[in-house]
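Visitor: I have a model open and would like to talk through a couple of spots in it. Can we start with one of the helices?

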Amino acid sequence: MKKSLFSFLVMGMLSLCLQFLSAQEFKLSSSGYFQDRGVNVMAFDDIYPEGHQGGVSLLMHGNRVATNGDIRLEPTPGQWQPVPKQQNRKLDATSNTITAWLGYPDSSRHLTGFNPMIYPDLVFNYTVTVKGEGGSIIVTVDLDRPIPQEFIGKAGFNLELFPGALFGKPWIMDGKAGIFPEQPNGPTMCDNPNHKHTGHFNPSGKASAKQLMGEGYSPIVADDIVAEPYAVGKRLVVRPDDPYNKFAIESKGAELKLYDGRMNHNNGWFVVRSEILAGATQGAIQWVITPHVVNDWLYEPVIQTSQLGYHPNQSKIAIIELDKRDTAREQPTLYKITEEGETPVLNDKGNEWGQFLRYNYLKFDFSDVKEEGLYQIRYGNSVSSIFRIASDIYDRGAWQPVLEYFLPVQMCHMRVNEKYRVWHDYCHTDDARMAPVNFNHIDGYAQGSSTLTKYNPGDRVPGLNIGGWHDAGDFDLRVESQAGETYILALAYELFKEDYDATAIDQKTRITEIHQPDGKADLLQQVEHGALSVVGAYRSLGRLYRGIICNDLRQYVLLGDGSAMTDNVSGNDDDRWVFTEENPLRELTTAAHLAAAARVLKGFNDTLSAQSLEAAREIFKTTNVTDRSRSAKIHAATELYLTTNENEYKNYLLSETAYIAGNIGRIGWYIGRAEKSMNDKAFTKAVRDALMAFRSELEKQGAETPYGIPYRPHIWGAGWDIQAFGYRHYFLHTAYPDIFGPEFIYNALNFILGCHPGSNTSSFASGVGARSATVGYGLNRADWSYIPGGVVSGTALIRPDFPELLEFPYLWQQVEYVMGGGSSHYMFLVLAARQLLSGNK
């Protein structure tokens, strides 16, 4: 009897041990990555290595700690260095592996494309096999041929470590300890750069390697000077002090080297690297990555609310984000905070929404609470930020920072002061010279075989050194951002009649003074500033510009004051370039924007108003319509009709009735204002019938997420797209309130203000709300600072299912500011919500 009981206990303990051991392993999940409780390893599912999203990635207990595990051709590459071309990816659950097939070069990016790269004369293919074995991930790289001698020490397997979580934190390499520093520390070492062996892979490539490299330092060269590695060895342990972020890397072949990528690029990451040894092919790289897995870890519930707060009359729904393994449920409780303390005012079990991305969601509806005051929501040990419910919630410090700070700071060709502070000095007053022909530049700029103007390449084009806004941290002025910004601001003034004045703008002295009223409506002054650039360029060139941008890469990556980019002396080699293009879609869209600007500028700047309308008319008349630009011409006709009330434009719209009805999803938001004044029953019926069908499509999109708004990020955070969605919906709702309700407007606004996926619930609008994005990708990003009123791109998706918003100033796809809607769409939404909730339509 005792022996039988002993055997039973032994077998039971053995069974428990086996269960525990079996749980301590990385298994390929149905989501397409390896998982061991709170640790995930993705492999070649993401598509943006130049933005630190690609290759092998490690997520530990709710945070991405390492990424871009792949073969690279420099110790510390940046966004401008060659990336491999991924040919295939295969998951095999039987062998518990993910295998990717890749190769160099990607000839489609050699000296061509949106941002051209320079590939060295190196050709090889390789496979990366990522395999889960117990509590470790085995990474094996096999090459189809040895690396040529001139590239030994160049090609290697890199893994990038997120620096923002590592400053001041420890590492250990083969017993040697160190601390990740706040700044990159020397010494440096020199090597022969890859560009001395430039390949010839793309004869049609029109970028100039010489122009890209320039003189002296160039971001496109990342291997001539690098930091000496902090350590060299066979086993690296990162964060040995922290069980939630501790992981080890062991190399079975070449040594590991720990580099600081910030020595080459201010936006670099720490890099762990093993070089491919001479003659190596099979098993050229063999790494064992062992993350520490906390057994009982569950994702802490996250309560997502508007960081600003709510109007008493609007719907109020908090979203609670939960680990999908978490089956326990707490009771969400709303507390009111008073001088005497806090009092629970609503307790409810919440509504189960279901799974979205990698999480489960509860919705906690407290719309019936209308009493004004301070509130906070608790769920178990989790708490939301404190927010207000107030009828004046959108009256101060909500939309105004866009107009008080962001737009003035972004103004080009001006000096911008704020009392003691100079945001930037006089800049780009030497704009601009005509760009070279047959030329592929950076950031999407390219010039065809002709300048399309009377100017020759290199000629100074007059009239371009006025107006416009710097596009975020890049300082360029592209037509869609300049005209688009002007348009949104014009419609905001027209619809909301907001004469707010907090800034003095003097176009004669080229000085802007923040918080120095001048008796003029700031919105109108900003509309004027945008139109001065677009219309001025049109009148000088005889056509629209594509945009104005710096002429070399060193200028492009400038951090800080834009006045340092050029010497402000016209006609020399540091002047920016102006590009032109044949693009009917952009040209006709710009015509629509200028027609609207003409309406609001009338009576404020009559000359510019007339010039804007004249340009819009000419573009409408002379621009050829293509399949891609047909809806843009309808847009132009709409705004021209609203401005002129002329039958030419009305008749054009009537002639396109069938097309409008068939493409109502793209056209419906702006056609409504014209339809109301056209008084054509057949046209009205066609539009309304199409909109009824479109409503069903919108409702399906809204039901895709617990946020009541479609969230479909590609690479960039989806915040700007969601703002634009809400902005367009305002026009649908106000034109056809019997078909479209206002919910999408409020849902879009709440998403921007903090009710969005992921653990970082900051408002995307910098400086707005209890917690906001105060590390932004703007001109002051090197200072880990922000521009009030700038709206960041927001929570991005690390494929396939991880929402991420890091506090790091150099992740443009998460925290960049832009013109053309980035902040103005947000301002428009706040003004729209204020108008609708006050009942003043």
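Visitor: Is α12 enclosed or open, and how many of its residues are buried?

Guide: In this predicted model, 11 of the 15 residues of α12 are buried, so the helix is largely enclosed by the rest of the structure.

Visitor: Which ones are they?

Guide: The buried residues of α12 include Ile 664 and Ile 667, then the run Gly 668, Trp 669, Tyr 670, Ile 671, Gly 672, Arg 673, Ala 674 and Glu 675, and also Met 678.

Visitor: How far apart are the ends of α12?

Guide: The helix covers residues 664-678, and its end C-alpha atoms are only 17 Å apart, whereas a straight helix would reach 21 Å at 1.5 Å a residue.

Visitor: Where is the kink in α12 centred?

Guide: The kink is centred on Ile 671 and amounts to about 55 degrees, and Ile 671 is itself among the buried residues.

Visitor: And what follows α12?

Guide: Asn 679 comes after the helix, and its phi is positive, near 55 degrees.

Visitor: Switching topic: where does Asn 440 lie, buried or exposed?

Guide: Asn 440 lies in strand β34, residues 439-440, and with a relative accessible area of 12% it falls under the 20% cut-off, so Asn 440 counts as buried.

Visitor: What does Asn 440 touch, away from its sequence neighbours?

Guide: Leaving aside residues up to four places away in sequence, Asn 440 touches Thr 112, Gly 113, Pro 116, Lys 206, Ala 207, Tyr 445 and Ala 446. With Thr 112 there is a polar contact between the two side chains, at 3.3 Å, while Pro 116 is 324 residues away in sequence but 7.8 Å away in space, C-alpha to C-alpha.

How values were computed
Residues are numbered from 1 along each chain as its sequence is written. This is a predicted model: local features need pLDDT of at least 70, side-chain atom pairs count only at pLDDT 80 or more; totals for chains, interfaces and linings use all residues. Side-chain values use heavy atoms; hydrogens and water are left out. Helices (H or I, at least four residues) and strands (E, at least two) are DSSP runs, numbered from the N terminus. The expected span of a helix is 1.5 Å times one less than its number of residues. The bend at a residue is the angle between axes fitted to the seven residues ending there and the seven starting there. Buried means under 20% relative accessible area, exposed over 50%, partly exposed in between (1.4 Å probe, protein chains only). Contact means heavy atoms within 4.5 Å. A polar contact is a pair of N or O atoms within 3.5 Å; within protein, one must be able to donate a hydrogen and the other to accept it, and residues adjacent in sequence count only if both atoms are side-chain atoms.
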